[in-house]
Amino acid sequence: MPVEALSPVPKADVPLSARDFKSDQEVRWCPGCGDYAILAAVQGFMPELGLARENIVFVSGIGCSSRFPYYMNTYGMHSIHGRAPAIATGLATSRRDLSVWVVTGDGDALSIGGNHLIHALRRNVDLKILLFNNRIYGLTKGQYSPTSEVGKITKSTPMGSLDAPFNPVSLAIGAEASFVARTVDSDRAHLTEVLRQAAAHPGTALVEIYQNCNIFNDGAFDAVRDRQRAEEAVIRLEHGRPIRFGAERAQGVVRDPRTGDLRVVTVTPDNESQVLVHDAHGTNPTAAFALSRLADPDTLHRTPIGVFRSVARPVYDARMSEQLETAVERHGKGDLAALLAGSDTWTVESP
């Protein structure tokens, strides 16, 4: 039996609905916040998993997005700043009968939590990480964040930010994440489909969600949220299909034969065969990384959304369970008390 098949999460005894996943807590975000749309999408999607609510856990850090566990009628933990991936890792590795989800923001995940995030990704723990990216610190009232664009004027950068922003998708691919995707809060159908693929993926799945903060960074993602503008600005990635976009799919992504870089061209009969076909399952992350760098970081023109990468890798918690079972078979169950009082102890005598 494959290691990944051990200790599956139990299924629910009865079918559930979106209403079953709504807690009795008053949802308290600013009116118009993109978090409402994400919450509704997640609550609407959860019944598809077919899992009992007591076998689902949402873990969050600190930030506006981190209120999420209060509003889900599942188990949950509102943990500490940046440490959600670490806490979720401990939970997922010790309780493989749980479906563990992490909800975090661009500040929580990429600033104080950056180290925890990249190690969860490289280990490939069986976690689903939803990274709400609004390119601002909302909870603390409008300071620039690790994803804010250069020159961003905020309360903490009155003359403009000097920091080059992180690209969460690029970061995740560079950390050897086995599943990386991007979606938008206002596109319910696309968001749900990405969640569906992330949930089905064995191992760590990171989903960056562009989320509008209408109080402190309103309009940051208008280029990809407005339907008319999005037609020319958004590149929808679909595995096995040519990467084309724009009115009548007239634009396409090709690889420059001289530099190897990706570039956008107007598709003609002469160059149509050169348009890249998206391969989300390619073991080499080069193409996925190049796609993640395609968008202009300031205008978001030509922003790819969808699943960039989805590859099979050994799952950390499954491998750890296998090691523990092997150790018990070979040596029997351990004795913690004997270990603590074992031969590697000593007495310090006062003079």
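A word on naming first: helices (H or I, at least four residues) and strands (E, at least two) are DSSP runs, numbered from the N terminus.

Some ground rules before we go on. What you see is a predicted model, where local features need pLDDT of at least 70, side-chain atom pairs count only at pLDDT 80 or more, and totals for chains, interfaces and linings use all residues. Residues are numbered from 1 along each chain as its sequence is written, and side-chain values use heavy atoms, with hydrogens and water left out.

Is Thr 204 buried or exposed? Thr 204 has 0% relative accessibility, so it counts as buried; the cut-offs are under 20% relative accessible area for buried, over 50% for exposed, and partly exposed in between (1.4 Å probe, protein chains only). A polar atom of the Thr 204 side chain sits 2.5 Å from the backbone oxygen of Val 125, and one lies 3.2 Å from the backbone oxygen of Ala 120. Setting aside residues up to four places away in sequence, Thr 204 touches several others, among them Leu 121, Asn 124, Ile 129, Ser 178 and Phe 179. Contact here means heavy atoms within 4.5 Å.

Leu 51 is in the loop between α1 (35-49) and β1, and it is buried at 8% relative accessible area. Its contacts, not counting residues up to four places away in sequence, include Val 9, Pro 10, Leu 16, Phe 21, Ile 56 and Ser 99. Gly 32 is another matter: 19 residues from Leu 51 along the chain, with 31 Å between the two C-alpha atoms.

Ser 161 belongs to the loop between β4 (127-133) and α6 (168-174). Ser 161 is buried too, with a relative accessible area of 2%. Leaving aside neighbours within four places in sequence, Ser 161 is in contact with Tyr 144, Glu 149, Val 150, Gly 151 and Lys 152. Two of those names come back below: Glu 149 and Lys 152 form a salt bridge.

**Aromatic rings**

Rings of Phe, Tyr and Trp (its six-membered ring) pair if their centres lie within 6.5 Å; planes under 30 degrees apart count as stacked, over 60 as edge-to-face and the rest as tilted. By this rule the count comes to 8 aromatic pairs. One of them is tilted: Phe 58 and Phe 68, at 5.8 Å centre to centre with 40° between the planes. Phe 58 lies in strand β1 (residues 56-60) and Phe 68 in helix α2 (residues 68-71), so this pair ties together parts that are 10 residues apart in sequence. Phe 58 and Phe 68 are both buried.

Phe 58 also pairs with Trp 101, this time stacked, at 5.9 Å centre to centre and 25° between the planes. That pair links distant parts of the chain, 43 residues apart, with Trp 101 in strand β3 (residues 99-105). Trp 101 is buried, like Phe 58. Zooming out, ring pairs join Trp 29, Tyr 36, Phe 45, Phe 58, Phe 68, Tyr 71, Trp 101 and Phe 132 into a cluster.

**Salt bridges**

How many salt bridges does the structure hold? There are 15, taking a salt bridge as a side-chain nitrogen of Lys or Arg within 4 Å of a carboxyl oxygen of Asp or Glu. Here are some of them:

| Asp 97 | Arg 95 | 2.8 Å |

Glu 272 lies in the loop between β10 (262-266) and α10 (286-292) and Arg 244 in strand β8 (residues 244-245), so the pair ties together parts that are 28 residues apart in sequence. Glu 272 is partly exposed at 44% relative accessibility, whereas Arg 244 counts as buried at 19%. Asp 97 is partly exposed at 24%, and so is Arg 95 at 39%. Glu 149 and Lys 152 are both buried. Elsewhere, Glu 48, Glu 193 and Arg 196 are linked in a network of salt bridges.

Technical notes: Polar contact = N/O pair within 3.5 Å; in protein donor to acceptor, adjacent residues only side chain to side chain.
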